[in-house]
Amino acid sequence: MYSGAAAAGPPRRDFISVTLGPEEVVGVSGYNNSKAWRRRSCWRKWKQLSRLQRSVILFLFAFLAVCGVISYTSMGEAWKSITNKSVDDQRTEQEIPRLKLANPAVLPAPQKADANHGDYPELSLQKPPKPPHVRRGPSNLQIKAPRGDMRLKTQHDTMRAVEELVEADKVEKTEKSIISWRGAVIEPDQSTEPPSSKIMEPEKPSSVEAEDQKEPVPINERQLAVIEAFRHAWKGYKDFAWGHDELKPLSKSYSEWFGLGLTLIDALDTMWILGLKEEFEEARKWVANDLVFDKNVDVNLFESTIRILGGLLSTYHLSGDSLFLEKAKDIGNRLMPAFKTPSKIPYSDVNIGRGTAHPPRWTSDSTVAEVTSIQLEFRELSRLTGDEKFQKAVDEVMKHVHTLSGKNDGLVPMFINTNSGQFTHLGVYTLGARADSYYEYLLKQWIQGGKKENELLEDYMRAIEGVKKHLLQRSEPKKLTFVGELAHGHFSAKMDHLVCFLPGTLALGAHNGLAADHMKLAETLIETCYQMYAQVETGLSPEIVHFNLHAQKGHKDVEIKPADRHNLLRPETVESLFYMYRFTGDKKYQDWGWEILQNFNRYTRVPTGGYTSINNVQNPSNPEPRDKMESFFLGETLKYMFLLFSDDIDLINLDKYIFNTEAHPLPIWVPA
């Protein structure tokens, strides 16, 4: 069929004609992507949507727009804050070390004292205005950074920010554990990091900006009298005992104990605080050129720690001079063999040249006060050097003593055996010689370490309760409250002058948040210590007094035995007067101290230079001078006198420094 059809003729073609308008031609022949075309296309699609769909889309767009505005505002402020914080952080990293001090700076180079006060002036009692003792702040003494490991710079704004951060951190820690002891609630509001086992490289300090410095408080007449007394004592030491341990002012010679210039080292920070620049520089040269610890000599661990190590550390902090830190490291390392005992209770004596240690020849015991009153110094040495061995050694002693039996309501015996680690001579309890500074260092370590070592606080609080229960009595006729001794259940009305550290320690505890009745007890005890001077013919206290417990006609409260009537120029009463005045502002404490200074000048001053201890405080016409000026007269007694007479609470601020038992101020730690 197909073949036939094909042969019939050519194929037929059909066409369809379509007519297009102009708009359709454009639409078919090309897509020009014009804005007008896109708008018409989108609008058609929008019109094709239902009313509900269009409403939902409009709502979403409005919501996103509002969120965008809010986010832009928040992120702008956050970015600004981050930028500012970054700048501040960089500045803080340059200025604040990993472990900061409560006093983030160094006392300034001392002002030169007035040379016109070379002779002892006739001074009337000064009645300065009551200090604003409620104020606390950065030291008025101007500060420069130490030239050593601790890189510290006084920047008011930066440190204010740091203080605010610390306060904020305290708020965050309010839920942490607290200690409640008979009404006192103590928060561990600061924390301390354990020292790193790696010694940190010292950093170069930056100088203090002139605008950051404050004008120092002028020195008053009583302080000038202390400066004059110091210069007179120093003259005798320089003329007759330079570089030796102690001056013998009457014979114009010297005595040696360790052969390490004890008086000079003990007096370094006193000279700095008193502003005796020339004397300080002269003493510094001796330390740099002549103080050598590599010598075959036995030293007492306790005395060399509190006087030499403590004095060097304190002077380093006040002056920023790394020489003193290097010397402190040297003596600290040489004292470490004392801790190589079976019990870790240190021996009393160390040969700093040979590196050996031993107990006294007559016993294997150490005194409790000596082994528990070296902690402030060794702990600070660890913090500065980054070597934990120093702190570890002394902390082990405290932890061990904390666990021992043989205590009586927190009161400890006077001796401890270095082999067994146990108390010996049980049943005898005193706050005098051989036990006194154990109680002092319980509180001061707790403060030094940021109030977080609860065992120390517990032992201190328990001991004070033990004192109240067993050792407090009242005398006749003036009913003076005093601290006696307990021996195998028998009370003795004997009180060492050494016990007069206690009012100051109690006041310091109350200032740091402990029970208010501690301050009341401090006020009654400092009155007793003052009477130990006032009721004596020379106005100077004997080494030991006995109190009358029963009224007797013609008898005072204080009785003195012939063997106890010497005075060694001790500082304890003046020390407590300083604390009491600093915390209360009561000028009677300054007046009492002024009386004591005048009596020192009257009965112990040697015309050719120096002061001497005396044998008989009851004989004004012949006090029987002993021909010896103890190093602590310059290191403690005159230093506390100067601070007592100052109305500047920031002159060694007690919220920033803690004094060791030789009156050498060390910084209180605060958290990083």
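Student: Leaving aside neighbours within four places in sequence, which residues is T481 in contact with?
Tutor: Happy to start there, and keep in mind that this is a predicted model. T481 is found in strand β13, which covers residues 481–483. Once its neighbours within four places in sequence are set aside, the residues in contact with T481 are L472, Q473, R474, L521, T524, L525 and T528.

Student: What is the relative accessibility of T661, and which residues is T661 in contact with?
Tutor: T661 counts as buried because its relative accessibility is 17%, and the cut-off for buried is under 20%. Leaving aside neighbours within four places in sequence, T661 is in contact with F302, I306, S437, E440, Y441 and E636.

Student: How many residues of helix α12 are buried?
Tutor: Helix α12 spans residues 375–385 and is mostly covered. Its buried residues include Q375, F378, R379 and L384. Just after α12, G386 takes a positive phi of about 80°. For the helix itself, the buried count is 11 of its 11 residues.

Student: Which residues make the nonpolar surface patch, and what is its area?
Tutor: L64 has a relative accessible area of 58%, so L64 is exposed. An α-helix has 3.6 residues a turn, so residues three or four places apart point the same way. The patch is made by L52, V56, F59, L60, F63 and L64, and its area is about 660 Å².

Student: Which strands stand at the edges of the open sheet of 3 strands?
Tutor: The order in this sheet is β16-β17-β18, with antiparallel pairing. Two of these strands each have a single partner strand, so one side of each is left without a neighbour in the sheet. The edge strands are β16 (494–496) and β18 (558–559).

Student: How many bridges join β16 to β17, and which residue stands opposite K494?
Tutor: Strand β17 covers residues 544–547, and β16 and β17 run antiparallel. The two strands are joined by 3 bridges.

Notes: Residues numbered from 1 in each chain as written. Predicted model: local features only at pLDDT ≥ 70, side-chain atom pairs only at ≥ 80, totals over all residues. Heavy atoms only, no water. Patch = residues over 30% accessible without salt bridge, like charges linked within 9 Å, V, L, I, M, F, W, Y side chains within 5 Å. Areas by Shrake-Rupley, 256 points an atom, 1.4 Å probe, with all protein chains shown as cover. Salt bridge = Lys/Arg side-chain N within 4 Å of Asp/Glu carboxyl O. Buried < 20%, exposed > 50% of the residue type's maximum accessible area, 1.4 Å probe, protein only. Pairing = 2+ DSSP bridges. Helix = DSSP H or I, 4+ residues; strand = E, 2+ residues; numbered from the N terminus. Contact = heavy atoms within 4.5 Å.
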